[in-house]
Amino acid sequence: MFRSFCGGFPLFVVLAATAAHAQDDPDEAWKNLVLQGTYYAVDKHDYPRAEEVFQKALHEASRFGPSDVRVGATLNKLGLLYHDAKKLGEAESAFRRALPILDDVYGVESIDAANINYNLASVLIDQGKQPAALPFLHESLTTYERQFGPNSLKTASVLCMIGDSYRAQRAWQQAEQPLKRCAEIREADGGVVNAELGDALNSLALVYHREGKYALADPMFKLAERIRERTLGITNPALAETLEAHATLLKELGRDQEAGRDAKLAAAIRRVESKGK
């Protein structure tokens, strides 16, 4: 998830090139600290050290004013770091502080603002706050559709998150259409053997099941199973999830033998998973 803005150059090279200028130029000092923080976060996965450096960068950025773009950019970096480190409350706070700054600097319809909306929504979803996440997702969807097109993978990612958010709230009808669009975009872009398509189809199959659309849910589960087996492997927990959900549907349809087969395979995967922990 964490992103560097160093282009194709190794971070240690960029750090060495900028360190000499940092003492005399406040902007260079801020940039150097952001690069150091990114280095510790991305290359070293040393989250405590990265957080310490980013906090120093935030202090330097604040010298330019509380609403300076450098403050917003640093808060976004902190949010990404906190999210990766599973410090979700801190991540939410950082993104919420960054959003109005970048809205003001770049405009509410900018890609920068859309990315912050997406980041914030992702954290809210991970905290189980799906209703709170939806407005931010719809904001980012509007911008991504306009900037990247209705069939871009960025658009698909937001659509799947919207669908899954509605699904978590048991709003099956609202979930169906965005998940369907997400699956169509991912299949058109990456073909059928595509792990992200498998995720979308699994979610859509769950929705069809809940809506009582068994004739649609059954083949959807089968396809999701095949994709997840091919792309993730026969022992992956995500495959077990699909098999378990499909087994429940098959049992409701009176197809006990097929349900038992899927349940047995899912149980075997779960045993492998438990041994690996």
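Visitor: Leaving aside its neighbours within four places in sequence, which residues is Asn117 in contact with?

Guide: Contact means heavy atoms within 4.5 Å. With neighbours within four places in sequence left aside, Asn117 is in contact with Leu99, Phe136, Glu139 and Ser140. One caution: this is a predicted model, where local features need pLDDT of at least 70, side-chain atom pairs count only at pLDDT 80 or more, and totals for chains, interfaces and linings use all residues. Residues are numbered from 1 along each chain as its sequence is written, and side-chain values use heavy atoms, with hydrogens and water left out.

Visitor: Is Asn117 buried or exposed?

Guide: Buried means under 20% relative accessible area, exposed over 50%, and partly exposed in between (1.4 Å probe, protein chains only). Asn117 has 5% relative accessibility, so it counts as buried.

Visitor: In which helix does Asn117 lie?

Guide: Helices (H or I, at least four residues) and strands (E, at least two) are DSSP runs, numbered from the N terminus. Asn117 lies in helix H6, residues 111-126.

Visitor: How far does H6 reach from its first C-alpha to its last?

Guide: The expected span of a helix is 1.5 Å times one less than its number of residues. H6 has 16 residues and reaches 22 Å, close to the 22 Å expected. After H6 comes Gly128, with a positive phi near 80°.

Visitor: How many residues of H6 are buried, and what covers them?

Guide: In H6, 12 of the 16 residues are buried, so the helix is mostly covered. Among them are Ala113, Ile116, Tyr118 and Leu124. The cover includes helix H4 (69-84), helix H5 (88-106), helix H7 (130-148) and H8.

Visitor: How many aromatic pairs does a search of the whole structure find?

Guide: A pair of aromatic rings is described by the distance of the centres and the angle of the planes. Rings of Phe, Tyr and Trp (its six-membered ring) pair if their centres lie within 6.5 Å; planes under 30 degrees apart count as stacked, over 60 as edge-to-face and the rest as tilted. The search finds three aromatic pairs. One of them joins Tyr118 and Tyr144: the centres are 6.5 Å apart, the planes make 55°, and the pair is tilted. Tyr118 lies in helix H6 and Tyr144 in helix H7, so this pair ties together parts that are 26 residues apart in sequence. Tyr144 is buried, with a relative accessible area of 1%. Ring pairs link Tyr118, Tyr144 and Phe148 into a cluster.

Visitor: Which cysteines form a disulfide?

Guide: A disulfide is a covalent bond between the sulfur atoms of two cysteines. Here the cut-off is a pair of cysteine sulfur atoms within 2.5 Å. A search of the whole structure finds one disulfide. Cys160 and Cys182 form it, with sulfur atoms 2.1 Å apart. The link of Cys160 and Cys182 is left-handed, with -95° about the S-S bond. Cys160 lies in helix H8 (residues 153-168) and Cys182 in helix H9 (residues 172-190), so the pair ties together parts 22 residues apart in sequence. Cys160 counts as buried at 7% relative accessibility, and Cys182 counts as buried at 0%.

Visitor: Where does Lys86 lie, and what is its phi?

Guide: Lys86 lies in the loop between H4 and H5. Its phi is positive, about 65°, although Lys86 is not a glycine. Lys86 is exposed, with a relative accessible area of 68%.
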